[in-house]
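Let's take a walk through this fold together, beginning with a pair of strands and ending with the helices. Have the viewer open and follow along.

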Amino acid sequence: MEAWEQPIETGGMPEDGVHFDVIVVGGGPGGSAAAAYNAMNGNKVLLVEKEVWPRDKICGDAVGGKSLSHVKELGVLPMIQATPYYQVDSIVFGSANGSEVKVMLPKKSYEAKGLMSGFALPRMQFDYMMFKRACELVRENGGSVIQGFSVNEVMSEANEDGHRITGISGKIGSKRSEGPELTFTASVTIGAAGYNCPVSRKIVELHDEPHKDNDHFCGGYREYWENVKGLEGQEGPIEIHFIEEVLPGYFWLFPVKEGVVNVGIGMLISEQRKQKGMKKSLKQIQKWVIENHPRFKERFGEATLVEGSEKGWQLPFGSPRKNAPSYQPRRGAMAGAMTVGDAASLVDPFSGEGIGNALLTGKLTSSHFNKEIHSDGFPLSAATAYMEDMWNELGGELSNSTKLQRMMKMKRLTNWFVKKAAKKPEIGEMMSEMIASKETQKALWSPWFLFKTLVLP
Ligand SMILES: Cc1cc2nc3c(=O)[nH]c(=O)nc-3n(C[C@H](O)[C@H](O)[C@H](O)COP(=O)(O)OP(=O)(O)OC[C@H]3O[C@@H](n4cnc5c(N)ncnc54)[C@H](O)[C@@H]3O)c2cc1C
């Protein structure tokens, strides 16, 4: 059995009613990072996770450079490098008419700039290492970890700020399991339980604001396949295809280790609802592409599906909401609570990446919470500062990605862009820089730059 397929020892159960500095709900990348960074600041943290490790998470499994800087800071990078993973050295973008452009992410030149190009490895493996490291840091700093604990209720009380979140209650096992309901309180509760996080739902409910929005939530479907032609080895490209049958979504092929490829489709839920006939479910579309698409059927000719890997999940995008009632992309904090990652709706609307923003916001919570200053509870002013900081940090790139996402819906424009990019090396270089650096992302939207690179021969 591999190291990441074994149980994780999380220690004894805290007594019912114990008070913590920080409670973190959810032990995915965002929750593990929030727990780890807050524990590193000397806080007594309670980390609770519904599942019991080892556990899977439905994902494309690509871990970009933004994620890797946190993975390194938390001491998880050597753990990953000691296991099998796929080193991403480039991204292939394909358009509806069959043009392709390969954008290089050369490891050496990235490293020279202090950046990392990216890995792909099953989330079963990645999340295991993140959670394990978080457990060590939490327990070293006097905190506790509970696995198999499902949060059923997020508690609040009325105060001078309106309401304040005070803690959580839940059970070992599922909501309906027999065990006793246990309650824990904290100065701040961090919601990191993914797209349907009970903390983020409570925050918007108390403010009478919306949580789910089908124009900003994406459906995602993934399968693992072995022996897909053109993606052998442990280093090489990941592929994103804007093919006709999948537009306005995209079809991806992300190798995760030698001989195994994560294959999937993502599409906005509002767009998915408009599809008819064969295009009704992402699973059906994927089956059709693999069996019939002229560019893919031959590549899957000798490939085999890993049984049981066919699963779907949702991606809450960080695209700015039209007429948002308060904060962008959604109210993500209040007195006594902050949310991170998918719980804060922060998935990149163009690439579908969410791990990086989950880790980044996990860290950001630790710079806004201070156990001495906030011993009487995390106030509304600090929650507001957190939301403003988060949008200052991520709003620009999430807005740019939203524009790109909308542009890719226009088939002719995508065809033209990819064809142009394939012919002009400087567009490939610009896209490579854009993936690595925020400065270049800003430059991309300068009209002169766009005119120069795209329109001039
Ligand atoms: C099909 C698909 C493909 C994707 N591809 C990529 C990709 O290639 N690269 C990328 O960067 N991102 C990708 N994403 C997005 C990425 O998966 C998420 O953004 C990322 O997992 C967010 O991390 P998180 O910690 O915020 O939430 P999650 O990873 O969802 O973790 C939440 C945790 O909370 C736990 N939990 C839930 N409810 C409770 C409860 N009530 N009590 C206690 N615990 C609870 C869950 O068990 C889980 O462990 C993809 C998503 C999908 C669906």
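**From hairpin to helices**

Helices (H or I, at least four residues) and strands (E, at least two) are DSSP runs, numbered from the N terminus. What you're looking at is a predicted model, where local features need pLDDT of at least 70, side-chain atom pairs count only at pLDDT 80 or more, and totals for chains, interfaces and linings use all residues. Residues are numbered from 1 along each chain as its sequence is written.

Back to the strands: β8 and β9 (residues 162–172) run antiparallel, joined by 10 bridges. Two strands pair if DSSP finds at least two bridges between them. To get your bearings, find S150, whose bridge partner in β9 is K171.

Next up is β4 (residues 86–94), which runs antiparallel to β6 (residues 118–120) with two bridges. Y86 has A120 as its bridge partner in β6. Seven bridges tie β4 to β12 (residues 235–241), this time running parallel, and F93 stands opposite I240 there. β4 also pairs antiparallel with β5 (residues 100–104) through five bridges. The hairpin of β4 and β5 has five residues between the strands, and G98 takes a positive phi near 95° in it.

Now for the ligand. It is surrounded by 38 residues, the closest being G28, G60, G220, G341 and G354; a residue counts if its C-beta atom, placed from the backbone, lies within 6 Å. The elements giving two or more residues to this shell are α1, β2, β8, β11, β16 and α9.

Two of those elements, α1 (residues 29–40) and α9 (residues 355–368), also pack against each other: their axes come within 7 Å and cross at roughly 25°. Axes are lines fitted to C-alpha atoms, for helices over the stretch in contact, and angles run from 0 to 180 degrees between N-to-C directions. On the α1 side, the contact is made by P29, G30, A33, A34, Y37 and N38.

Finally, α9 packs with α10 (residues 380–408) at an angle of about 145°, the axes 10 Å apart. Here α9 contributes N357, T361, L364 and H368, where contact means C-beta atoms, placed from the backbone, within 7 Å.

Terms used:
Contact = placed C-beta atoms within 7 Å.
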